[in-house]
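Student: I would like to learn how to read charged side chains in a model. Please take me through some cases.

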Amino acid sequence: MATREALWGYRNRFGDAFGRTYFRRFGPGVASSVGIGTYLGEATPAVDDASREAIGLALRSGVNHVDTAANYRCGRAERVVGEALRDAPVDRESVVVATKGGFLPFDGERPADPSAYVRERFVDPGIVAPDDLANGAHAMTPEFLEWSLDRSLDRLELESVDCYYVHNPETQLAVRSREDVYDLLEVAFETLERRRAAGDIGAYGVATWDAFRVPEGDDASLSLAEVLSRAERAGEAVGPDDDHGFAAIQLPFNVAMADAFTRRNQPAPPDSDADGPVSTLTFAHEAGLSVVTSASIGQGDLAVEGAIPADVDATLAGETPAQRALNFARSAPGVTSSLVGTADLDHVRENVAAGTFDPLGASAFDAVFE
């Protein structure tokens, strides 16, 4: 698991090459505000090799935040992350490793009959019950999350991960009420509190796509305030004090998907100066949560000339559209780290170099939207 001393040591080793706010508070120490993701790519040995090299280069270049999930690339992504960590000339304790559980993963390749695979691999052995599933492929019961976390640790060949996300909990809204989903999350958090106490995870959170971006009341919406409240209750139920391990949220954020900043869809936190609803980024910041952005360059769509509106583009630092798009995501108030997935070494270098440019300050970022 990452330690404060090792994380700060990594920052001291690389920090002088980057802008003044490149490393930011995360967990027990600091992490790079440019992280490497592992979502995209075919489930093939060739992509394994390229991804392994890309992660290794990132770790050697000033990126110490790696994000993956049990289901990414049919489970191959986690294996590659573990291999890259073992091969890289950096200490495991100096890298923030995050993974996720929620979607039922395949085992190395997509099966010819996914429904039969789910039945034979998960339902028949009792890992999930049919009623646990949403869209035939998502569950977040304690039994499944225990199984998923154990498999993730096996594939990563790590004793622990630094952040474990419940993956897209809003998927469950397709088959059950919002209150039932909150109840499921609370029980899931109790499970993760026990695994945190056992040293298997350092912290936990939720990784979402729609839940915190859409308007309040939307079919896919969840209240971050209520999710945090359920984590607090889980901490009280499991731990000897009021401590809890809910520390981070992950959501898409970029110049074309800025809802987490622009939409006031969360209640103001207690003791807030706000006189009404606030944005997800504001709530998370005031609640002391780390925010990790996915789709930071729109899965590549914002890496081409002209994709960023000209008046916004003119305010951003960076030599390429991808760098400017990444620095937009890093500029949002409250954002801790912005993920970019790539298996291309030149793109790794380009993304890392984005961190040598200072992001917009809070007032300048506000001015973009004005």
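Student: In which strand does Arg24 lie?

Tutor: Helices (H or I, at least four residues) and strands (E, at least two) are DSSP runs, numbered from the N terminus. Arg24 lies in strand 1, residues 23–26. This is a predicted model, where local features need pLDDT of at least 70 and side-chain atom pairs count only at pLDDT 80 or more, while totals for chains, interfaces and linings use all residues. Residues are numbered from 1 along each chain as its sequence is written, and side-chain values use heavy atoms, with hydrogens and water left out.

Student: Is Arg24 buried or exposed, and which side chain of opposite charge is nearest?

Tutor: Buried means under 20% relative accessible area, exposed over 50%, and partly exposed in between (1.4 Å probe, protein chains only). For charge, Lys and Arg count as positive and Asp and Glu as negative; His and the chain ends are not counted. A salt bridge is a side-chain nitrogen of Lys or Arg within 4 Å of a carboxyl oxygen of Asp or Glu. Arg24 is buried and has no salt bridge; Asp358, the nearest side chain of opposite charge, is 8.1 Å away.

Student: Which backbone oxygen does the side chain of Arg24 reach at 3.0 Å?

Tutor: A polar contact is a pair of N or O atoms within 3.5 Å; within protein, one must be able to donate a hydrogen and the other to accept it, and residues adjacent in sequence count only if both atoms are side-chain atoms. At 3.0 Å, the side chain of Arg24 reaches the backbone oxygen of Arg330. A polar atom of the Arg24 side chain also lies 2.8 Å from the backbone oxygen of Val335.

Student: Which residues does Arg24 touch, not counting residues up to four places away in sequence?

Tutor: Contact means heavy atoms within 4.5 Å. By that rule Arg24 touches several residues, including Gly29, Ser33, Thr336 and Pro359.

Student: Where does Arg330 lie?

Tutor: Arg330 is part of helix 11, residues 321–331. Arg330 counts as buried because its relative accessibility is 2%. Its side chain makes a polar contact of 2.9 Å with the side chain of Ser33, and another of 2.3 Å joins the side chains of Arg330 and Asn327. Leaving aside neighbours within four places in sequence, the residues in contact with Arg330 include Tyr22, Val34, Ser338 and Phe357.

Student: How many salt bridges does a search of the whole structure find?

Tutor: The search finds 27. One of them joins Arg196 and Glu193, with the closest N and O atoms 3.0 Å apart. Both residues lie in helix 6 (residues 178–197), three residues apart, about one turn of the helix. Arg196 counts as partly exposed because its relative accessibility is 22%, whereas Glu193, at 4%, counts as buried.

Student: Which side chain meets Asp210 in a salt bridge?

Tutor: That of Arg213, at 3.1 Å, N to O. Asp210 is partly exposed, with a relative accessible area of 26%, and Arg213 is buried, at 10%.

Student: Which side chain does Asp313 meet in a salt bridge?

Tutor: The partner is Arg324, at 2.6 Å, N to O. Asp313 lies in helix 10 (residues 310–313) and Arg324 in helix 11, so the pair ties together parts 11 residues apart in sequence. Asp313 counts as buried at 19% relative accessibility, and Arg324 is buried with a relative accessible area of 10%.

Student: Which residues do salt bridges that share partners join into one network?

Tutor: They are Glu179, Asp183, Glu186, Glu226, Arg230 and Arg233.
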